[in-house]
Amino acid sequence: MSEALRVEDVHTYYGDSYVLQGVSLRIASGQLVTVLGRNGVGKTTLIRSVVGFTPPRSGRVWVHGEDVTRWPSHRIARLGIGLVPQGRRIFPSLNVEENLTVAARGKNGWTLDRVYEVFPRLRERARHRGAKLSGGEQQMLAIGRALMTNPTLLLMDEPSEGLAPKLVLELAHALLQLKERGLSILMVEQNLPLALRLADYVYVISKGTVVFEGRADELREAEDVRQRYLGV
């Protein structure tokens with residue numbers, strides 16, 4: 001099976017702060033892989049290292065077999081990466097449809113209608129400005145906007161953050177649809193039940209290093225790992 005993403009022995013710093021200390025992971029094409037861990041352990045830095053916002057000081061990153069380690073972020077994005085950043089970062093003054101169409105890239109694949117099929121609520125709110133949406137609707141819009149770039153690899157940073165339980169269920173349903181469509185997904189999360197429901201494979205990070213990796217069912221059985229590194 002081909003690889004959508006491979007990160008190998010990545011070391012990343014913020015100034016003098018040593019954040020990622022030799023992280024390696026792999027996503028096969030069509031897989032949904034989740035990275036779990038408490039706040040401040042390096043999960044967001046991993047996303048930033050992959051997309052080139054905070055390039056690693058050492059180690060390598062491959063996207064679809066291409067070594068992108070020293071590439072600028074705009075060039076990496078052209079390989080088919082869609083980013084759903086932490087905090088959503090939609091355009092508050094644009095309406096839903098404008099937020100989606102401004103991100104459109106490529107003539108085939110994801111269209112407004114396809115996004116609305118996955119997130120029917122966005123169709124209902126198409127003429128509402130981003131600032132007028134609920135937190136859950138903004139998260140749906142952030143994911144839809146990333147899909148409009150027609151990605152082959154979707155990077156999601158804390159997509160369930162701040163969502164009510166009902167909306168987390170809606171998010172899970174939508175992500176299962178994306179997975180069934182063959183999209184490769186890296187999801188950084190703190191919501192363990194969501195991760196265990198969706199993930200083909202799980203990595204747990206603590207203090208900038210991978211302390212566990214395995215299938216979701218293996219993490220379910222690893223009570224010591226959950227208690228020590230996830231607090232559950």
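Predicted model: local features only at pLDDT ≥ 70, side-chain atom pairs only at ≥ 80, totals over all residues.
Biologist: What volume does the largest cavity have?

Modeller: About 50 Å³. As for how many there are, the structure holds 1 cavity of 30 Å³ or more.

Biologist: Which residues line the largest cavity?

Modeller: Phe119, Gly136, Gln139, Met140, Ile143, Leu163, Leu167, Glu170 and Leu171. Sorted by type, the lining has 6 nonpolar residues, 2 polar ones and 1 charged one.

Biologist: How do the residues of the pocket lining divide into nonpolar, polar and charged?

Modeller: For the largest pocket, 12 are nonpolar, 3 are polar and 3 are charged.

Biologist: New topic, rings! How many aromatic pairs does the structure hold?

Modeller: It holds 2. In one of them, Tyr13 and Tyr18 have ring centres 4.6 Å apart, and the ring planes sit at 5 degrees, so that pair counts as stacked.

Biologist: Why is the pair of Tyr201 and Tyr203 edge-to-face?

Modeller: It's the angle: the planes of Tyr201 and Tyr203 are at 65 degrees, and over 60 counts as edge-to-face. Their ring centres are 5.3 Å apart.

Biologist: And Tyr203, buried or exposed?

Modeller: Tyr203 is buried, because its relative accessible area is 4% and anything under 20% counts as buried.

Biologist: What about the relative accessible area of Tyr13?

Modeller: Tyr13 comes out at 24%, which makes it partly exposed. Tyr18 is partly exposed too, with 34%.

Biologist: Which ring does the charged end of Arg114 sit over?

Modeller: The ring of Trp110, at 4.2 Å from its centre. There's also Arg6, which lies over the face of Trp62, 4.2 Å from the ring centre.

Biologist: Where does Glu158 lie?

Modeller: In the loop between β7 (153–157) and α7. Glu158 has a relative accessible area of 6%, so it is buried.

Biologist: How far apart are Glu158 and His173 in space?

Modeller: Going C-alpha to C-alpha, Glu158 and His173 are 16 Å apart, and in sequence they are 15 residues apart.

Biologist: Zooming out, how many helices and strands does the protein have?

Modeller: 10 helices and 10 strands. The C-alpha trace spans about 45 × 40 × 35 Å along its principal axes.

Biologist: What radius of gyration does the protein have?

Modeller: 17 Å, and a compact globule with 232 residues would have a value near 17 Å, so the two agree.

Biologist: Last one: what percentage of the residues is buried?

Modeller: Buried residues make up 53% of the 232.

Note on methods: Residues numbered from 1 in each chain as written. Heavy atoms only, no water. Nonpolar A, V, L, I, M, F, W, Y, C, P; charged D, E, K, R; others polar. 1 Å grid on protein atoms, 1.4 Å probe; cavity = no way out; pocket = protein on both sides within 12 Å on 5 of 7 lines; lining within 4 Å. Points joined across faces, edges and corners; volume = space filled by probe spheres on them. Phe/Tyr/Trp six-rings, centres within 6.5 Å; stacked < 30°, edge-to-face > 60°. Buried < 20%, exposed > 50% of the residue type's maximum accessible area, 1.4 Å probe, protein only. Lys NZ or Arg CZ within 6 Å of the ring centre and 35° of its normal. Helix = DSSP H or I, 4+ residues; strand = E, 2+ residues; numbered from the N terminus. Rg over C-alpha atoms; globule rule 2.2 N^0.38 Å.
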